[in-house]
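Hi everyone, thanks for making time this morning. Have the model up on your screens while I talk, and we'll walk through its inner spaces together.

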Amino acid sequence: MIQNFKQDFKELIDLVHSNKPFALSRFADGEIAIMQGRQKNGADKWISPDYLTSLGSDLLECISLQDDNVYFGISCGCCDTKGRDYLLSLMNTKKENTTFSNLFVNGNYSNFMNFFSNLKTPIHLISNHTTDISRFPMEVKSHLPIPDNCIEFYENLRDDFRQSIVDYYKDVNNELFIISAGPLSEIIIDILWKINPTNQYIDVGSSISEFVHGNPIREFAFEWSKYHKKDCIF
(Lines give C-alpha, C1' and ligand atoms only; values in the text may rest on other atoms or scores of the structure.)
Protein backbone atom coordinates (compact mmCIF):
# COMPACT_ATOMS: atom_id res chain seq x y z
CA MET A 1 0.00 0.00 0.00
CA ILE A 2 1.21 3.49 -0.80
CA GLN A 3 -1.48 5.44 1.09
CA ASN A 4 -3.16 6.55 -2.13
CA PHE A 5 -6.94 6.21 -1.98
CA LYS A 6 -7.52 4.82 -5.48
CA GLN A 7 -4.29 2.85 -5.80
CA ASP A 8 -4.63 1.15 -2.41
CA PHE A 9 -8.16 0.06 -3.32
CA LYS A 10 -6.89 -1.47 -6.56
CA GLU A 11 -4.08 -3.25 -4.70
CA LEU A 12 -6.57 -4.69 -2.22
CA ILE A 13 -8.83 -6.00 -4.98
CA ASP A 14 -5.80 -7.50 -6.73
CA LEU A 15 -4.93 -9.25 -3.46
CA VAL A 16 -8.39 -10.80 -3.31
CA HIS A 17 -8.12 -12.07 -6.88
CA SER A 18 -4.62 -13.45 -6.22
CA ASN A 19 -5.97 -15.84 -3.55
CA LYS A 20 -2.96 -14.94 -1.41
CA PRO A 21 -3.75 -15.14 2.33
CA PHE A 22 -4.00 -11.77 4.04
CA ALA A 23 -6.04 -9.85 6.60
CA LEU A 24 -7.38 -6.29 6.60
CA SER A 25 -8.66 -4.72 9.83
CA ARG A 26 -10.01 -1.18 9.97
CA PHE A 27 -9.85 1.21 12.93
CA ALA A 28 -11.59 4.59 13.02
CA ASP A 29 -13.45 6.91 15.42
CA GLY A 30 -15.61 4.16 16.94
CA GLU A 31 -12.70 1.89 17.74
CA ILE A 32 -10.70 4.86 19.04
CA ALA A 33 -13.46 5.79 21.50
CA ILE A 34 -13.62 2.21 22.76
CA MET A 35 -9.83 1.99 23.07
CA GLN A 36 -9.76 5.25 25.03
CA GLY A 37 -12.67 4.30 27.28
CA ARG A 38 -14.88 7.14 26.05
CA GLN A 39 -18.67 7.11 25.83
CA LYS A 40 -19.97 6.81 22.27
CA ASN A 41 -23.15 5.54 20.62
CA GLY A 42 -22.24 3.73 17.42
CA ALA A 43 -24.24 4.06 14.23
CA ASP A 44 -24.82 0.29 14.27
CA LYS A 45 -26.56 0.27 17.70
CA TRP A 46 -23.54 -0.49 19.88
CA ILE A 47 -22.77 1.63 22.94
CA SER A 48 -19.31 2.33 24.32
CA PRO A 49 -19.39 3.23 28.04
CA ASP A 50 -17.11 5.80 29.67
CA TYR A 51 -14.55 3.28 30.88
CA LEU A 52 -12.14 0.82 29.28
CA THR A 53 -14.01 -2.38 28.44
CA SER A 54 -12.59 -5.80 27.65
CA LEU A 55 -13.16 -4.99 23.99
CA GLY A 56 -11.15 -1.78 24.36
CA SER A 57 -8.23 -3.61 25.95
CA ASP A 58 -8.27 -6.30 23.27
CA LEU A 59 -8.45 -3.74 20.46
CA LEU A 60 -5.32 -2.07 21.88
CA GLU A 61 -3.56 -5.42 21.63
CA CYS A 62 -4.87 -6.15 18.11
CA ILE A 63 -3.51 -2.98 16.57
CA SER A 64 0.01 -3.68 17.82
CA LEU A 65 0.33 -6.79 15.64
CA GLN A 66 3.17 -6.84 13.13
CA ASP A 67 2.79 -9.26 10.23
CA ASP A 68 3.73 -8.81 6.57
CA ASN A 69 0.33 -10.13 5.49
CA VAL A 70 -1.84 -8.15 7.90
CA TYR A 71 -2.99 -4.67 6.82
CA PHE A 72 -4.53 -1.96 8.96
CA GLY A 73 -6.94 0.65 7.65
CA ILE A 74 -6.92 3.70 9.90
CA SER A 75 -8.41 7.20 10.06
CA CYS A 76 -6.98 9.56 7.46
CA GLY A 77 -5.67 13.09 7.71
CA CYS A 78 -8.55 14.68 5.81
CA CYS A 79 -11.24 13.09 8.00
CA ASP A 80 -9.60 12.74 11.43
CA THR A 81 -5.98 13.83 11.78
CA LYS A 82 -6.00 13.43 15.57
CA GLY A 83 -7.41 9.91 15.28
CA ARG A 84 -4.88 8.97 12.59
CA ASP A 85 -1.97 10.14 14.73
CA TYR A 86 -3.31 8.30 17.78
CA LEU A 87 -3.61 5.03 15.88
CA LEU A 88 -0.18 5.41 14.31
CA SER A 89 1.30 5.84 17.79
CA LEU A 90 -0.03 2.38 18.74
CA MET A 91 1.01 0.52 15.61
CA ASN A 92 4.13 -1.55 15.01
CA THR A 93 3.47 -2.48 11.39
CA LYS A 94 5.35 -1.23 8.34
CA LYS A 95 4.11 1.76 6.39
CA GLU A 96 3.25 -0.42 3.39
CA ASN A 97 0.84 -2.37 5.59
CA THR A 98 -1.13 0.78 6.42
CA THR A 99 -4.05 2.15 4.43
CA PHE A 100 -7.37 3.99 4.81
CA SER A 101 -10.19 2.91 7.10
CA ASN A 102 -12.45 4.47 4.41
CA LEU A 103 -10.96 2.27 1.68
CA PHE A 104 -14.32 0.82 0.55
CA VAL A 105 -16.48 3.92 0.94
CA ASN A 106 -16.59 7.58 -0.10
CA GLY A 107 -15.01 7.92 -3.56
CA ASN A 108 -14.28 4.18 -3.74
CA TYR A 109 -17.81 3.06 -2.89
CA SER A 110 -19.11 2.75 -6.45
CA ASN A 111 -16.07 0.69 -7.46
CA PHE A 112 -16.45 -1.48 -4.37
CA MET A 113 -20.10 -2.13 -5.16
CA ASN A 114 -19.18 -3.13 -8.69
CA PHE A 115 -16.49 -5.49 -7.36
CA PHE A 116 -18.67 -7.05 -4.67
CA SER A 117 -21.78 -7.37 -6.84
CA ASN A 118 -19.78 -9.36 -9.39
CA LEU A 119 -17.73 -11.43 -6.96
CA LYS A 120 -18.16 -15.14 -7.68
CA THR A 121 -15.94 -16.47 -4.90
CA PRO A 122 -17.92 -18.20 -2.12
CA ILE A 123 -17.60 -16.44 1.23
CA HIS A 124 -17.86 -16.99 4.95
CA LEU A 125 -19.90 -14.07 6.27
CA ILE A 126 -19.77 -12.58 9.76
CA SER A 127 -22.32 -9.80 10.15
CA ASN A 128 -25.34 -8.44 12.02
CA HIS A 129 -27.94 -10.97 13.15
CA THR A 130 -30.59 -9.34 10.92
CA THR A 131 -28.65 -10.17 7.74
CA ASP A 132 -30.63 -11.82 4.95
CA ILE A 133 -28.01 -13.91 3.15
CA SER A 134 -30.35 -14.37 0.16
CA ARG A 135 -29.44 -10.80 -0.85
CA PHE A 136 -25.80 -11.69 -1.39
CA PRO A 137 -24.68 -12.22 -5.00
CA MET A 138 -22.30 -15.05 -4.18
CA GLU A 139 -22.59 -18.31 -2.26
CA VAL A 140 -22.52 -17.74 1.50
CA LYS A 141 -20.96 -20.93 2.86
CA SER A 142 -21.54 -19.96 6.50
CA HIS A 143 -22.96 -17.04 8.42
CA LEU A 144 -22.03 -16.09 11.98
CA PRO A 145 -24.64 -13.60 13.34
CA ILE A 146 -23.48 -10.77 15.60
CA PRO A 147 -25.86 -8.99 18.04
CA ASP A 148 -26.55 -5.26 17.86
CA ASN A 149 -24.75 -4.18 21.04
CA CYS A 150 -21.57 -6.12 20.39
CA ILE A 151 -19.66 -4.34 23.19
CA GLU A 152 -22.06 -5.51 25.89
CA PHE A 153 -22.12 -8.96 24.28
CA TYR A 154 -18.32 -9.18 24.32
CA GLU A 155 -18.10 -7.90 27.91
CA ASN A 156 -20.42 -10.67 29.11
CA LEU A 157 -19.27 -13.55 26.91
CA ARG A 158 -15.70 -12.70 25.90
CA ASP A 159 -14.00 -16.03 26.59
CA ASP A 160 -16.84 -18.19 25.28
CA PHE A 161 -17.11 -16.07 22.12
CA ARG A 162 -13.39 -16.18 21.42
CA GLN A 163 -13.31 -19.94 21.86
CA SER A 164 -16.33 -20.38 19.62
CA ILE A 165 -14.54 -18.52 16.82
CA VAL A 166 -11.58 -20.88 17.17
CA ASP A 167 -13.74 -24.01 17.28
CA TYR A 168 -15.94 -23.02 14.35
CA TYR A 169 -13.32 -21.86 11.87
CA LYS A 170 -10.00 -23.50 12.78
CA ASP A 171 -10.25 -26.10 10.01
CA VAL A 172 -11.41 -23.73 7.23
CA ASN A 173 -8.59 -23.27 4.72
CA ASN A 174 -8.00 -21.14 1.61
CA GLU A 175 -11.34 -19.35 1.87
CA LEU A 176 -12.58 -15.75 1.76
CA PHE A 177 -14.09 -14.20 4.91
CA ILE A 178 -16.21 -11.04 4.67
CA ILE A 179 -16.65 -9.39 8.05
CA SER A 180 -19.02 -6.58 8.99
CA ALA A 181 -19.30 -6.81 12.76
CA GLY A 182 -18.72 -3.27 13.98
CA PRO A 183 -15.83 -2.94 16.45
CA LEU A 184 -15.87 -6.71 16.95
CA SER A 185 -14.53 -7.12 13.41
CA GLU A 186 -10.95 -6.37 14.41
CA ILE A 187 -11.10 -8.86 17.29
CA ILE A 188 -12.54 -11.58 15.07
CA ILE A 189 -9.89 -11.03 12.40
CA ASP A 190 -7.10 -11.06 14.98
CA ILE A 191 -8.32 -14.39 16.37
CA LEU A 192 -8.84 -15.95 12.94
CA TRP A 193 -5.50 -14.86 11.53
CA LYS A 194 -3.59 -16.19 14.53
CA ILE A 195 -5.25 -19.62 14.42
CA ASN A 196 -5.32 -19.98 10.65
CA PRO A 197 -3.36 -17.63 8.35
CA THR A 198 -4.33 -19.56 5.20
CA ASN A 199 -7.45 -17.51 4.46
CA GLN A 200 -8.38 -13.99 3.36
CA TYR A 201 -10.08 -11.94 6.08
CA ILE A 202 -11.54 -8.57 5.12
CA ASP A 203 -13.27 -6.08 7.39
CA VAL A 204 -15.68 -4.40 4.97
CA GLY A 205 -17.80 -2.60 7.58
CA SER A 206 -20.84 -0.65 6.41
CA SER A 207 -19.86 -0.87 2.73
CA ILE A 208 -22.06 -3.99 2.43
CA SER A 209 -25.09 -2.51 4.20
CA GLU A 210 -27.15 -2.77 1.00
CA PHE A 211 -26.70 -6.54 1.18
CA VAL A 212 -26.95 -6.84 4.97
CA HIS A 213 -29.96 -4.54 5.52
CA GLY A 214 -31.42 -4.26 2.03
CA ASN A 215 -30.59 -0.56 1.77
CA PRO A 216 -27.68 1.78 2.50
CA ILE A 217 -27.41 3.14 6.04
CA ARG A 218 -24.57 5.64 5.56
CA GLU A 219 -24.50 8.93 3.68
CA PHE A 220 -21.56 8.01 1.42
CA ALA A 221 -23.77 5.62 -0.54
CA PHE A 222 -25.90 8.38 -2.03
CA GLU A 223 -24.87 10.40 -5.07
CA TRP A 224 -26.10 13.65 -3.50
CA SER A 225 -23.70 13.22 -0.58
CA LYS A 226 -20.49 15.26 -0.40
CA TYR A 227 -18.72 12.04 0.59
CA HIS A 228 -19.81 10.01 -2.45
CA LYS A 229 -16.98 11.32 -4.65
CA LYS A 230 -14.52 12.19 -1.87
CA ASP A 231 -11.05 10.69 -2.34
CA CYS A 232 -9.47 10.64 1.09
CA ILE A 233 -5.93 11.86 1.72
CA PHE A 234 -3.79 10.03 4.22
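H7 gives the most, with four residues. Before going on, please keep in mind that this is a predicted model, where local features need pLDDT of at least 70, side-chain atom pairs count only at pLDDT 80 or more, and totals for chains, interfaces and linings use all residues. Residues are numbered from 1 along each chain as its sequence is written, and side-chain values use heavy atoms, with hydrogens and water left out.

Helices (H or I, at least four residues) and strands (E, at least two) are DSSP runs, numbered from the N terminus. On a 1 Å grid over the protein atoms alone, a cavity is a set of points where a 1.4 Å probe fits but cannot get out; a pocket is an open set with protein on both sides within 12 Å along at least five of seven lines; and lining residues have an atom within 4 Å of a point. A volume is the space filled by probe spheres set on the points, which are joined across faces, edges and corners.

Back to that second largest cavity. It holds about 40 Å³ of space, and its lining is Ser25, Cys62, Leu65, Val70, Phe72, Glu186, Ile189, Asp190 and Trp193. By class, that is six nonpolar, one polar and two charged (Ala, Val, Leu, Ile, Met, Phe, Trp, Tyr, Cys and Pro count as nonpolar, Asp, Glu, Lys and Arg as charged, and the others, Gly among them, as polar).

Cys62 takes us to helix H3, residues 54-62, where the buried residues are Leu55, Gly56, Asp58, Leu59 and Cys62 (buried means under 20% relative accessible area, exposed over 50%, partly exposed in between, with a 1.4 Å probe and protein chains only). They cover an arc of only 165 degrees around the axis, which puts them on the same side of H3; the arc is that of the directions from the helix axis to the C-beta atoms. Their cover includes H2 (29-35), E4 (70-74), H6 (150-169) and H7 (185-195), with contact meaning heavy atoms within 4.5 Å.

And what lines the largest cavity? Among the residues there are Leu12, Phe104, Phe112, Phe115 and Phe116. The lining has twelve nonpolar, no polar and no charged residues, around about 50 Å³ of space.

Rings of Phe, Tyr and Trp (its six-membered ring) pair if their centres lie within 6.5 Å; planes under 30 degrees apart count as stacked, over 60 as edge-to-face and the rest as tilted. The centres of Phe5 and Phe100 are 5.2 Å apart with planes at 85 degrees, so this pair is edge-to-face. Phe5 lies in helix H1 and Phe100 in strand E5, so the pair ties together parts 95 residues apart in sequence. Both are buried. Phe112 and Phe115 make a tilted pair, 6.1 Å centre to centre with 55 degrees between the planes.

Last stop, the largest pocket, with a volume of about 1,100 Å³. It has 47 lining residues, and Asp29, Ala43, Asp44, Ser206 and Arg218 lie nearest its centre. Thanks, everyone!
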